[in-house]
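Here is a short report on a ligand site and its surroundings. Backbone details follow at the end.

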Amino acid sequence: MLDHVSTFTRSTVREAQKQALLKELRTKGIKNNLVLQALAAVPREDFLPKALQARAYENVSLPIGAGQTISQPYTVAFMSELLAPAPEQIPAYKVLEIGTGSGYQAAIFAAMGVRHIFTVERVPELFAVAQKRFAMLEVQAAMRLSDGTLGWSENAPFDAIIVTAGSPDVPEALAQQLAVGGRMVVPVGSQAYQRLYRITRLHAGIGADAFQAEEFQTFRFVPLLGAQGWSE
Ligand code: SAH
């Protein structure tokens, strides 16, 4: 009985915190409905270690083990908005994520209606935990344990590539796996701070003139480690 009461109280409190967070995200400029609905639908607590679940709807990044973090909800919302498909694109839209981490960002894309999600993680223990979560929560995503800076060429080209770790430069292999019209969101900078870029592929050529870059604000991500990221 008491257990039921506390479970009920906990979920009521969390729902109120979630609504407050969604309001904060709107105030901060997030307006894509697909994105806002996905953030409302996906239980972020399910992507956190038990001890941190009570903090699921704080607008902060949180540790998920192996020295890694689940991104701040605002960061997830901002990046998702930069890559949101137009309604008519949804059925065939193909997304590649580098840095599965907790699996939360991939679950957000799934909740946005994206059916072709590919996600790469380099840390075996995080990969294993995310795999269990996807099975439990029925998130449809193809997973790979490898160095994501090299992309996933067998499944290219992608309409969207999201790099959820900070890179010293735009990984060339990833740029070449974009479809024409495809977009990549990638944080580029030092190990401490990165600026967010959105790279759009304009044509099938492989030269720099095939890509157009837009620059957004500064964020802090954990480092992208690998052949085309920071050396390990
Ligand atoms: N998208 C994640 C954020 C995780 S933090 C989430 O929603 O929780 C970034 C992740 O990138 C970490 O799990 C880290 O291990 C991973 N990572 C870093 N370098 C990588 C690489 N070269 N390939 C794949 N994953 C990488």
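The residues that line the largest pocket divide into 15 nonpolar, 15 polar and five charged. Here Ala, Val, Leu, Ile, Met, Phe, Trp, Tyr, Cys and Pro count as nonpolar, Asp, Glu, Lys and Arg as charged, and the others, Gly among them, as polar. This is a predicted model, in which local features need pLDDT of at least 70, side-chain atom pairs count only at pLDDT 80 or more, and totals for chains, interfaces and linings use all residues. Residues are numbered from 1 along each chain as its sequence is written, and side-chain values use heavy atoms, with hydrogens and water left out.

**Pocket**

The volume of the largest pocket is about 520 Å³. Of its 35 lining residues, Thr69, Gly99, Thr164, Ala165 and Val222 are the closest to the centre. Two or more lining residues come from each of strand E2 (68-70), helix H3 (73-82), strand E3 (94-98), helix H4 (104-111) and strand E4 (116-121). E2 gives the most, with three residues.

A pocket is an open set of points on a 1 Å grid over the protein atoms alone, where a 1.4 Å probe fits, with protein on both sides within 12 Å along at least five of seven lines; lining residues have an atom within 4 Å of a point. Grid points are joined across faces, edges and corners, and the volume is the space filled by probe spheres set on them. Helices (H or I, at least four residues) and strands (E, at least two) are DSSP runs, numbered from the N terminus.

**Ligand**

The ligand takes the space of the largest pocket (more than half of its atoms lie within 2 Å of the grid points). E2, E3, H4 and E4 each give two or more residues to the shell around the ligand. E2 again gives the most, with three residues. The shell divides into eleven nonpolar, eleven polar and four charged residues. Of the 26 residues around the ligand (a heavy atom within 4 Å), Glu97, Ser102, Glu121, Gly148 and Leu225 come nearest.

Polar contacts are pairs of N or O atoms within 3.5 Å.

| Residue | Protein atom | Ligand atom | Distance |
|---|---|---|---|
| Glu121 | polar side-chain atom | oxygen | 2.6 Å |
| Arg122 | backbone N or O | nitrogen | 3.4 Å |
| Gly148 | backbone N or O | nitrogen | 2.8 Å |

The protein covers 99% of the 580 Å² of accessible area that the ligand has on its own (Shrake-Rupley method, 1.4 Å probe).

**Backbone**

The peptide bond from Ala156 to Pro157 is cis, with omega near 5°. Pro157 is in the loop between strand E5 (142-145) and strand E6 (158-163). Ala66 has phi near 55°, a positive value in a residue other than glycine. Ala66 lies in the loop between strand E1 (62-65) and E2.

Terms used. Polar contact = N/O pair within 3.5 Å; in protein donor to acceptor, adjacent residues only side chain to side chain.
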